[in-house]
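Trainee: I have a new model open and would like to learn how its descriptions are reached. Could we go through a few together?

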Amino acid sequence: MQITVRLPISPCPRLGVGGPHRPVLRGVRSHHSPITSPLEAPMKVKHVMGIVTAGLVTDALWRRSRAARLRSLPPSAEPLDGTHRFVTAFGVELDGDTRRAAVAYARSEGLEVLDLVPQGLDSLRAMELVRRLDPASFRTARLAQGAGGGHALVVSEDVARRAGLGRTDGLSAAEMDELTARLKRYAPTATDTVVTASIKPVGCTPEDRRAILRRRWLNDLPTYLSGNIIGLGAFAVGAVLSRGWGVASIAAVCAQPYLTTLGTPLRPHDRRRFALCRPVTAPYRWLSVAAALEKPDLELLWLRGEFATELAGGTGRFFEPHRADCPWCGGNRLRHLLTSGDLQHHRPGVFRLERCGSCGHIFQNPRLSSAGLTFYYKEFYDGTGGAEVERGFRLGAPHYRDRARMLRGHATPEAWLDVGGGHGHFCNAARDIWPETRFDALDMSSSVEEAERQGWIDRGHRGLFPSLADELAGAYDVVSMHHYLEHTVDPYAELDAAAKVLPVGGHLLIEVPDPEWPIGRIARRWWHCWFQPQHLHLIPVRNLVEALADRGLETVEVHRGKAHQPLDLTMIVMLMVHRLVPDPNKPWRFEPHRRIRLAARAAAFLAGIPLIMTAAMIDQLIYPVIRMSRRSNAYRVLARKQR
């Protein structure tokens, strides 16, 4: 609303009639400089709230497209055969008809894990379920995270045995959520969800809700909770300021449960109340979760003491003496490349990378000792760090399948050994490309044994590859090393082992970071592929091809652009933000004022979200161009054994 005041101009004996000077009234502006009323929102706020309203409606319709694909449990009169177990949450009862129908459905669909979702599941969990689970692809998505209604599960005896299933009734909502996610890993292509009207829904306490979010968001939970609470506050302010669009946005918020579930198998019992009260109850729910108490982490307290003991004598024993020659070619033209700390987990220590002027090989100097390797790998891929690594690995399924496709046109693998296979993510995903191939994995960690129990690999070998090479000789026609060689103490010994294991005509597939990628030189220590202190060797592609040739392995194909991982700018920004306030919950950090530091960490990440999102968008936009180029942040080499 603009306020314009026009005043008549009288003749002025000193200025002249209609002179250039006009009367000036304080608080009133002429039509040449209109003012905006403080009661009217700036136009950009209206635009933002309009976009928010459209986003809310679009999001609800997207969720509905998923909810509509959920199936309802058909009745069955088939008798129970004792081949399945039932797991139920506290307060949930399964009648005989439901048990028979569930087992019959699981058997007819070839399922080993079936999640039974109440038709009347509360609106909040119903909307969250279809956000996290796509019924069209969930069953076949090998690396998808398990998700369900949190009420009842049907589990085959085989999966129950392999997963070590314990208590099966009276579980809390948090325990059901954790079990649902875990069982999906034991039946990656035989897990599904079905809706039934025969289960009466039960609630979820704020304490359980916080435990569920803690498991999903790990140490980012304070940031996640703070972001949602601040987001709700910003939404409320925007709704008040934008008037018309504010009413529309609130209406969209209230309509979301209906837009999501109407005409689908889900009919939340609280839909009307939830929809009408949502603008008021949503902040209350988030604040209740934020205020909920968590059980003390006894394992974290024990680990703090253990790490304190290990660090009591400093970090000197974690390094070998500085060497004067290149471990790749023996040259002595070494120069300093960069110095870095542990930018990912912020363990103590300073690490130095040097480059050989003769062959271009980049290596850590001084290198980690055996004690250092043990210290810096401890609680990283397993233990307290396992869930965080799992979250990252789970997102790599398309990349894993790309690696497996590289064999097409060269060989049809019968037996494949993935060295450094870790938790078996690659082998699990590669079965989509080579379903008839036997996939085994080798690793130093106990994770390879868990991968075998889950069925992600056929067999796990635990130990050092050079030590097991004689035992494995001739057993595999394909050996792969994906982001493994750069972690090893002696890459030559690993290549010798691969040449020993493979028969003539067998193939070796290697993927490693490309130290010749320009971003690595520009970003210096902030490039995530330097990854200190774990990356001991960064090998230029020409060096690797020559080393393979020396061992009778002819390179038949090299992927550079196709091996790119679109993370460079995103990781640079995230590492910088992460560096401002390191995670005080890590067991090797002994910092006072933990709550203040957690709040500061949340604030830093929330402030950095625009930069992180912008970096991620740029990474994705330039990804197609890089894939077609001859350079990237990683490369793959496929070689065939000739002799």
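Mentor: Let's begin with a definition: buried means under 20% relative accessible area, exposed over 50%, and partly exposed in between (1.4 Å probe, protein chains only). This is a predicted model, where local features need pLDDT of at least 70, side-chain atom pairs count only at pLDDT 80 or more, and totals for chains, interfaces and linings use all residues. Residues are numbered from 1 along each chain as its sequence is written, and side-chain values use heavy atoms, leaving out hydrogens and water.

Trainee: Why does E109 count as partly exposed?

Mentor: Its relative accessibility is 27%, so E109 counts as partly exposed.

Trainee: And what makes R139 buried?

Mentor: R139 has a relative accessible area of 19%, so it is buried.

Trainee: Why is the meeting of E109 and R139 called a salt bridge?

Mentor: A salt bridge needs a side-chain nitrogen of Lys or Arg within 4 Å of a carboxyl oxygen of Asp or Glu. For E109 and R139, the N to O distance is 3.2 Å. E109 sits in helix α2 (residues 96–109) and R139 in the loop between α3 (123–132) and β3 (152–156), 30 residues apart.

Trainee: What makes E320 and R367 a salt bridge?

Mentor: Their side chains meet at 3.0 Å, N to O. E320 is partly exposed because its relative accessible area is 30%, while R367, at 19%, counts as buried.

Trainee: Which residues are linked in a network of salt bridges?

Mentor: E128, R131, D177, R209, R215 and R216 are. Within it, the side chains of D177 and R216 meet at 2.7 Å, N to O.

Key: Helix = DSSP H or I, 4+ residues; strand = E, 2+ residues; numbered from the N terminus.
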